Amino acid sequence: MEKYHYGIIGLGVMGRNLLYNIADNGFSTAGFDLDKEKVSELHQGATPGTSVKGTGSLEEFVSALETPRKIILMVPAGKPVDAVLESVTPLLSQNDIVIDAGNSYFKDTERRIADLASKNLHFMGMGVSGGEQGARRGPSIMPGGDLEAFKQLKPMLELIAAKVNGEACTAYMGKGSAGNYVKMVHNGIEYAIMQLISEAYDLLRKGARLNNNQLYEVFKKWNEGEMNSFLIEITRDIFQQKDDLTEGFLVDQILDKAGAKGTGKWTSEQAMEIGVSIPTIDIAVTSRILSAYKDERVKASQLYAKEETATPEDTELFIKEVGDALYLAKLISYAQGLALLVKASEEYRFEIPLKDVVKIWRGGCIIRSVVLEKFYSAYSKDQNLSNILLDQEISEIVKNKISSLRKTASFATSNGIPSLGIQAALGYFEAYTTESLPINLLQAQRDYFGAHTYQRIDREGVFHTSWHNVNH
């Protein structure tokens, strides 16, 4: 009986496409799903000549794999992962490897690593980004955890991953649940960039009065230059998609209520927990929540009617300033996410290699962008860089574009155009680059009402003052 190199549990779109990708690269692959129809249809999408097998039971699936078995889970995060593990682990043998390639919460992964280790099994968390096409043709892959298990998977991962300059967009992300953590932060940055692009779109249509054809041309030009990226590219294409139910464009018929799957919220919660400021990511999560208040927003818009947006004096200049503002706000979002990875690596002893993180994000993933080449250069020079904004080359880019970010934020504020992400990015930058913040007053307030103490600028130590003795 033929034994298969890899097995995948979960044959939804992502799982099926990843299985085909693995098979295309010369590895025989077996698949299992509770949905019998997905199992029976597995062969239909496989490349002729590849070795693919659908199995009807977990027992058949496990017995079809060579040992040590290498099983990839492509099931929804949370209880479904635990349910699969509960069913499959009794069928496994010592040193078999289980890889969770879903968007699992990193603390769940830590628990599962310990549980399977007690059974002499290897468990790894592995982030996969790139959507269904990425899974099929080459995603960005973020494995972490058991180093010995990773070494066994590495040849396969390097073959199926996206390539940039001939280099595979995969690397070892660090110890424990580092792979899931890096993917979580990737998604948080994704939230922020999508919010910022949406705000730029709003400014261009309300301020510059651009129609969808003109917006297509703007985003096309942006994508041909320094803003070349996956999200700018697909936004360009969205503006050309006609609606098959009306005579207009599809984007104009889509309801302004956003969905979310939780990774953005986890990123914000984690930043709060370990003390890292990521306001642009935070506000992107909040904005999705706010978008759900559709009925209330309609009532509020009628109650607080706004004046018509002013038209910029120079439309071409306005478009350029919005583009520069978007570029810089996106850069600041990356900076916030990467700063979170720096702190998390220390907090949880992940030993995350930041240089490799930005290296593998250059291709395959949703937040891939040419700006990551500059980040890769920065971390190649200084692997201990705490914030990308502290790099000299990056600082020159920022100095060149900060005026546009300020002007764009001002235009949005003056004209009542929501720009929470742009404002948050600007606010973060202004605070991060200010030597003396007014937090001395805040500390005085805290000490006044709660005896929380404070430090002084002129001497060492911790101090408390009896503020109530102040003469009035």
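## A buried arginine

A residue is called buried when its relative accessible area is under 20%. In this predicted model, R112 has a relative accessibility of 2%, so R112 counts as buried. R112 sits in helix α5, which covers residues 106-117.

R112 also belongs to a network of salt bridges. P139 is 27 residues from R112 along the chain, and their C-alpha atoms are 25 Å apart.

## Salt bridges

Side chains of opposite charge can pair when their charged atoms come close. The model has 32 salt bridges. One of them joins E273 and K107, at 3.1 Å from N to O. This pair ties helix α11 to helix α5, across 166 residues. K107 is partly exposed, at 35% relative accessibility.

A salt bridge also joins E351 and K175, with their closest N and O atoms 3.0 Å apart. Both residues lie in loops, 176 residues apart in the chain. E351 is exposed at 54%, while K175 is partly exposed at 40%.

R362 and E373 form a salt bridge at 3.2 Å. R362 is in the loop between α15 and α16, and E373 is in helix α16. R362 is buried at 9%, whereas E373 is partly exposed at 31%.

## Surface patch and pocket

I289, L290, Y293 and L420 make a nonpolar surface patch of about 340 Å². I289 lies in helix α12 and is partly exposed, at 48% relative accessibility.

The second largest pocket holds about 350 Å³ of space. Its lining has 14 residues, with N440, Y454, Q455, R456 and I457 nearest the centre. By class, 7 lining residues are nonpolar, 5 polar and 2 charged.

Technical notes
Residues are numbered from 1 along each chain as its sequence is written. This is a predicted model: local features need pLDDT of at least 70, side-chain atom pairs count only at pLDDT 80 or more; totals for chains, interfaces and linings use all residues. Side-chain values use heavy atoms; hydrogens and water are left out. Patches are made of residues with over 30% relative accessible area and no salt bridge: like charges are joined within 9 Å, nonpolar side chains (Val, Leu, Ile, Met, Phe, Trp, Tyr) within 5 Å. Accessible areas come from the Shrake-Rupley method with a 1.4 Å probe; for residues, only the protein chains shown count as cover. A salt bridge is a side-chain nitrogen of Lys or Arg within 4 Å of a carboxyl oxygen of Asp or Glu. Helices (H or I, at least four residues) and strands (E, at least two) are DSSP runs, numbered from the N terminus. Buried means under 20% relative accessible area, exposed over 50%, partly exposed in between (1.4 Å probe, protein chains only). On a 1 Å grid over the protein atoms alone, a cavity is a set of points where a 1.4 Å probe fits but cannot get out, and a pocket is an open set with protein on both sides within 12 Å along at least five of seven lines; lining residues have an atom within 4 Å of a point. Grid points are joined across faces, edges and corners, and a volume is the space filled by probe spheres set on the points. Ala, Val, Leu, Ile, Met, Phe, Trp, Tyr, Cys and Pro count as nonpolar, Asp, Glu, Lys and Arg as charged, and the others, Gly among them, as polar.
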